[in-house]
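I opened the model today to look up a few things and keep a record of them. The entries follow in the order I made them.

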Amino acid sequence: MEYTTLGATGTRVSQLCFGTWRFGRETGGVVETDREEAHELLDTAYEHGINFIDTANVYGTPNGTSEAYIGDWLESYHREDVVLASKVYFPFDGRGEPGPNDQGLGRKHIRAQIEGTLDRLGTDYLDIYYIHRWDESTPIEETLATLNDLVREGTVHYLGASTMASWQLTKALWKSDVGDYARFDVTQPLFHAGYRDDVKAYLDVCADQDIAVCPYSPLAGGFLTGKYERVDADDPTKFEGPEGSRGTLSDRFEDFYLSERGWHVLEEIRAVAEELDATPAQVALRWLMEQPDITCVPIVGARTPEQLEENVGAVDLSLSDAQFNRIVDARYAEDGERWGHRE
Ligand SMILES: NC(=O)c1ccc[n+]([C@@H]2O[C@H](COP(=O)([O-])OP(=O)(O)OC[C@H]3O[C@@H](n4cnc5c(N)ncnc54)[C@H](OP(=O)(O)O)[C@@H]3O)[C@@H](O)[C@H]2O)c1
């Protein structure tokens, strides 16, 4: 494994982060990754040198289960050897039906959630604390002041921001600057080679401000592994896939991950993979890791140790400029129009 400095922070992380969204999560009555499987996956990640783990207070059924699985696992390891990230924002059902203050980015909810998160993880600090989404109903100054206190107290080392528009990120950075608050040093956007939207403006902000980018769903939930086949030339959301895979379990899969652009990009990724004697998953991950001008650390998810081992193979791969750009070009139609949504 190779390690990289996370943007402008002083923290070194593996080139891949391991995501634990599906730990203890029930989908269609099935627990996707139970405690034993979760610990096996974390062992595999650790054995391959992955020192960066991503979770959130709301992961798992009920919420908090993912953090609890990680906390149990950490008891057999040294806390200092792991870089831990968690998040806050969404309604939290870990204590039962969420009340009016069990959500959002107000001081009361953040204060309550950080306590629960640290408790479940069995640690007294987080390396990175993300806001999971932008909160329309709380002034960003209140959120930043609260997060700043956590940093000053040593409860949180760095702040992160997930899933927001580039203007929101820019506004938050400006408010941190003028208010002398700790700023967002790490971002977590949905971004993968087949993503239908363009994230260039967002990535430009991160490059300019030396903010690390940790893309989530870097394989489009498994779509870019090439295990799904298109079954309707006119409709990019129609597919077939292996039974029990996320595509067949989750009814949101096609809305989240499938687009005309995605299928075109997958075709090119498959061709590059063949040239490199690699797998499509490895090429898709490597394409993210080689993004110019930013530190880009994909957050990989995996259901099995074998999947994770395959994904770790991306670390040893290298794309030529031509191969990298062929995947970029596949994001656009021949006449220059985008395959995906209008921006
Ligand atoms: N900030 C946010 O709002 C947000 C949102 C989503 C995710 N995240 C973070 O990002 C992490 C990763 O997201 P993700 O799980 O969607 O990532 P992903 O890597 O795009 O998808 C992972 C899924 O793809 C399949 N897969 C992975 N590697 C494979 C391989 N080599 N061969 C075949 N199938 C493979 C597995 O599903 P199956 O085997 O079940 O098909 C696996 O669960 C999450 O765990 C979480 O930490 C953050």
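How do the residues of the shell around the ligand divide into nonpolar, polar and charged? I found 9 nonpolar, 14 polar and 6 charged. Here Ala, Val, Leu, Ile, Met, Phe, Trp, Tyr, Cys and Pro count as nonpolar, Asp, Glu, Lys and Arg as charged, and the others, Gly among them, as polar.

Before going on I noted that this is a predicted model, in which local features need pLDDT of at least 70, side-chain atom pairs count only at pLDDT 80 or more, and totals for chains, interfaces and linings use all residues. Residues are numbered from 1 along each chain as its sequence is written.

**Entry: the ligand**

I looked up what surrounds the ligand and got 29 residues. A residue is near a molecule or strand if its C-beta atom, placed from the backbone, lies within 6 Å of it. The closest are Gly 19, Trp 21, Gly 222, Ser 245 and Gly 301. I then checked the elements, where helices (H or I, at least four residues) and strands (E, at least two) are DSSP runs numbered from the N terminus. Strand β14 (299-300) and helix α11 (305-312) each supply at least two residues of the shell. The largest share, 3 residues, comes from α11.

**Entry: α1 with α11**

I followed α11 to a neighbour. Two packed helices are described by the angle between their axes and the distance between the axes. Helix α1 (residues 35-47) packs with α11 at about 25°, and their axes are 9 Å apart. Axes are lines fitted to C-alpha atoms, for helices over the stretch in contact, and angles run from 0 to 180 degrees between N-to-C directions. The two helices are therefore roughly parallel; angles under 35 degrees count as roughly parallel, over 145 as roughly antiparallel, 65 to 115 as roughly perpendicular and the rest as oblique. I listed Glu 40, Leu 41, Thr 44 and Ala 45 of α1 and Pro 305, Leu 308 and Glu 309 of α11 as making the contact (C-beta atoms, placed from the backbone, within 7 Å). These contact residues divide into 4 nonpolar, 1 polar and 2 charged.

**Entry: α1 with α2**

At what angle do α1 and α2 pack? I read about 60°, with the axes 10 Å apart. The pair is therefore oblique. In the contact, Arg 35, Ala 38, His 39 and Leu 42 of α1 meet Tyr 69, Ile 70 and Trp 73 of α2. The residues of this contact are 5 nonpolar, 1 polar and 1 charged.

I also checked how covered α2 (residues 65-74) is, and 7 of its 10 residues are buried. A residue is buried if 20 or more other C-beta atoms lie within 10 Å of its own, exposed if 12 or fewer, and partly exposed in between, with C-beta atoms placed from the backbone. Tyr 69, Ile 70 and Trp 73 are among the buried residues of α2. The buried residues pack against α1, β6 (52-54), β7 (83-88) and α3 (107-121).

**Entry: two single residues**

Is Pro 218 buried or exposed? I found it buried, because 30 other C-beta atoms lie within 10 Å. Pro 218 lies in the loop between β11 (212-213) and β12 (229-230). Its contacts include His 192, Leu 288 and Ile 299, not counting residues up to four places away in sequence.

Met 1 lies in the segment before β1 (3-5). I counted Met 1 as partly exposed because it has 14 C-beta neighbours inside 10 Å.

Key: Two residues are in contact if their C-beta atoms, placed from the backbone, lie within 7 Å.
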